[in-house]
Amino acid sequence: MSTPNNTEIRAFRKLELKKHSKGYKILNGALKNPYVLMAPAVIAALAISCFAIVYCIIISFFKWDLIADTRTFVGMYNYQYIFQDPIFLQALSNTVTYAIFIVIIGTALKVLLGVFLNKNTPAHNFVQTIMFTPHIIASVAVAVVFRYMMMPDGGVFNTILSWFGLPPSRWYMGQESALASLIFIALWHGLGYGVLIAISGLRAIPDYVYEAARLDKSSRTTTMMKITMPLLSPTIFYLLITTCVGAFTTYDIVDLMTQGGPNNATMMLTYYIYEQGIRFMHYGRAMAAAVILMIICSSLTLLSFKASAKKIHYQ
Amino acid sequence: MSFMSMAMAPAKAAKPPKMKKKESMVSKILTVLLLVALFLIFILPFYYMLISSFKSLLEAISPTPVWWPEEFLWENYQKAWQISKMPKYAMNSVILSVSCSVACIVVSVPCAFALARMEFRGKAVMFAISLSSMMVPAQCVFLPIFIMFSKFGWLNTYWAMILVFTHSGSTILFIRNAFKQVSNEVLEAARLDGASELTVMFKVIMPMVKPAIITMALMIFMRRWNDYFWNISLTTNDNVRTLPYAVKSITAATDGGIPEYAVQMAGATVLMAPMLIAYIFANKQIKNAFVYTGIK
């Protein structure tokens with residue numbers, strides 16, 4: 001059996017005969033050894049991610065006195081403490097509220113707009129391209145411009161509200177509206193990516209399925225509900241999980257816009273961890289909170305891995 | 001020109017004989033209205049950011065938004081550049097973005113190769129370890145990393161900032177999948193002809209997975225460029241902080257008690273300009289990269 005690029009490979013071989021240096025041989029041997037190949041990545045993973053996960057879990061059972069630099073084992077005390085800390089509970093409920101809104105509204109919008117924009121005309125493609133733009137720019141830029149546009153006096157948002165005769169809002173500065181403002185920004189920020197994924201999921205549905213539906217004189221609604229949605233369900237599931245993890249780990253916008261305020265109205269789990277850990281140096285408490293967040297996020301990720309191993313392809 | 005034709009081509013090719021005729025006037029108008037609304041919602045912040053970056057101090061805080069400044073003031077950019085010591089931050093951004101992409105690719109490619117094309121003891125465990133970073137978000141694990149680096153005295157070093165970006169589970173997974181698609185026969189043929197592993201690796205396999213590697217390198221570059229979180233969690237001074245932090249630091253700037261919104265917008269524009277320009281010229285490739293890697 002001859003192979004297509006035999007001659008090419010002979011040429012490499014010739015080239016290679018010249019090289020007999022010791023370093024070349026060692027390198028050549030190394031390439032056959034999977035352990036050598038994997039070493040850098042595995043060491044980096046162990047040193048950063050695995051170390052951090054394990055350390056986080058261990059320290060969450062300790063009380064770390066920074067002044068005396070002593071660590072004393074306190075069992076579940078940190079967990080008991082944070083679950084009695086009103087700020088943590090507020091953070092937990094805020095994060096869950098935020099996640100629920102973003103996951104439900106966000107996923108619905110992503111799928112519906114995906115169906116709407118999947119027409120492949122220049123206009124639809126152009127709008128879809130514009131919608132994706134927020135995803136590739138820095139969150140700092142997004143936060144800065146939305147802070148400016150959400151100014152209570154002379155901000156764009158209140159002006160637009162007044163065009164429709166609606167009362168002005170204090171947006172991210174108001175106790176009631178702060179979380180809603182963050183939800184709005186997160187939706188704006190994440191919509192384009194979701195629509196892109198939804199469209200790629202829709203395009204993966206083979207045409208003959210629709211042909212068959214048309215031959216059976218299936219109505220548009222029936223086609224949508226009985227064919228598009230079930231076939232799109234792996235994509236929808238993927239979107240649900242990534243949006244949910246994204247919502248639970250949101251940090252940048254909170255830090256840049258509200259810093260958990262006003263009056264803890266936008267305190268999130270991530271911000272709580274950061275504040276307790278880096279600002280107040282309560283390492284034990286911060287890591288207990290981090291473990292809670294880690295459990296939430298990794299179970300969501302595992303769920304999506306499990307599902308994708310079963311049948312899902314989202315490309 | 002080529003960009004234009006690329007955008008138009010699929011529209012012509014894939015014109016489906018769908019229910020075109022049934023579309024009534026009402027639904028056409030609704031479609032157009034929705035398209036225009038979406039366009040406005042998503043373009044407005046960008047437009048407003050750009051236009052505000054040229055406003056004067058008073059225009060920027062006027063009680064009704066100024067949609068077109070009377071005079072375009074380029075000084076705002078100059079000011080942003082000076083107030084926040086932007087040259088230093090920009091330099092850091094470039095250094096770190098480039099070195100993180102290089103480091104991550106150099107570490108990930110051999111690992112991905114071994115995972116894709118070799119059978120060995122403990123492969124499952126090593127696979128799980130090398131994907132570990134996908135399981136937990138940075139916001140959970142930054143504190144142990146912060147403590148470790150401060151013990152080593154690595155805070156405020158390039159080294160630390162690069163190290164946290166060196167290992168990325170999603171990169172390894174994506175490149176591994178690319179390696180998996182290389183057909184075995186070609187490799188066997190090369191080996192039968194006596195090509196060394198080094199030759200096989202660099203002359204046969206590498207050209208085939210090059211697109212995947214370039215895609216991932218650009219993704220890491222972009223992630224590092226836009227990153228804000230590691231900037232604040234691994235630094236205590238501005239030695240190695242990058243552009244996003246510079247833009248954040250301008251938000252505190254005032255002129256006689258009046259916040260300098262125009263300067264902030266100028267800073268934000270500078271921060272997003274490289275990504276935006278890249279996106280304008282290669283939007284198809286960038287979108288595809290996000291779809292195929294499945295990375296958020």
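**Reading a predicted two-chain model**

Modeller: In this predicted model, 89 residues of chain B are in contact with 83 residues of chain A; two residues are in contact if their C-beta atoms, placed from the backbone, lie within 7 Å.

Biologist: Which element of chain B gives the most to the side that touches chain A?

Modeller: Helices (H or I, at least four residues) and strands (E, at least two) are DSSP runs, numbered from the N terminus. Helix H15 (residues 261–293) of chain B gives the most, with 15 residues. The side of chain B that touches chain A divides into 63 nonpolar, 19 polar and 7 charged residues. Here Ala, Val, Leu, Ile, Met, Phe, Trp, Tyr, Cys and Pro count as nonpolar, Asp, Glu, Lys and Arg as charged, and the others, Gly among them, as polar.

Biologist: How are the residues and the model itself to be read?

Modeller: Residues are numbered from 1 along each chain as its sequence is written, and chains are lettered from A and ligands numbered from 1 in the order in which they are written. Because the model is predicted, local features need pLDDT of at least 70 and side-chain atom pairs count only at pLDDT 80 or more, while totals for chains, interfaces and linings use all residues.

Biologist: What describes two packed helices?

Modeller: Two packed helices are described by the angle between their axes and the distance between the axes. Axes are lines fitted to C-alpha atoms, for helices over the stretch in contact, and angles run from 0 to 180 degrees between N-to-C directions. Helix H2 (residues 22–32) of chain A and helix H12 (residues 197–226) of chain B pack at about 75°, with their axes 7 Å apart. H2(A) and H12(B) are therefore roughly perpendicular, a term for angles of 65 to 115 degrees. Among the residues making the contact are A:Tyr24 and A:Leu31 of H2(A) and B:Met201 of H12(B).

Biologist: Is B:Ala103 buried, exposed or partly exposed, and why?

Modeller: A residue is buried if 20 or more other C-beta atoms lie within 10 Å of its own, exposed if 12 or fewer, and partly exposed in between, with C-beta atoms placed from the backbone. B:Ala103 has 18 C-beta neighbours inside 10 Å, so B:Ala103 counts as partly exposed. B:Ala103 is in helix H5 (residues 86–117) of chain B and touches B:Ile162 and B:Thr166, not counting residues up to four places away in sequence.

Biologist: How many residues of helix H10 of chain A are buried?

Modeller: Of the 9 residues of helix H10 (residues 207–215) of chain A, 0 are buried, so H10(A) lies largely in the open.

Terms used:
Angles under 35 degrees count as roughly parallel, over 145 as roughly antiparallel, 65 to 115 as roughly perpendicular and the rest as oblique.
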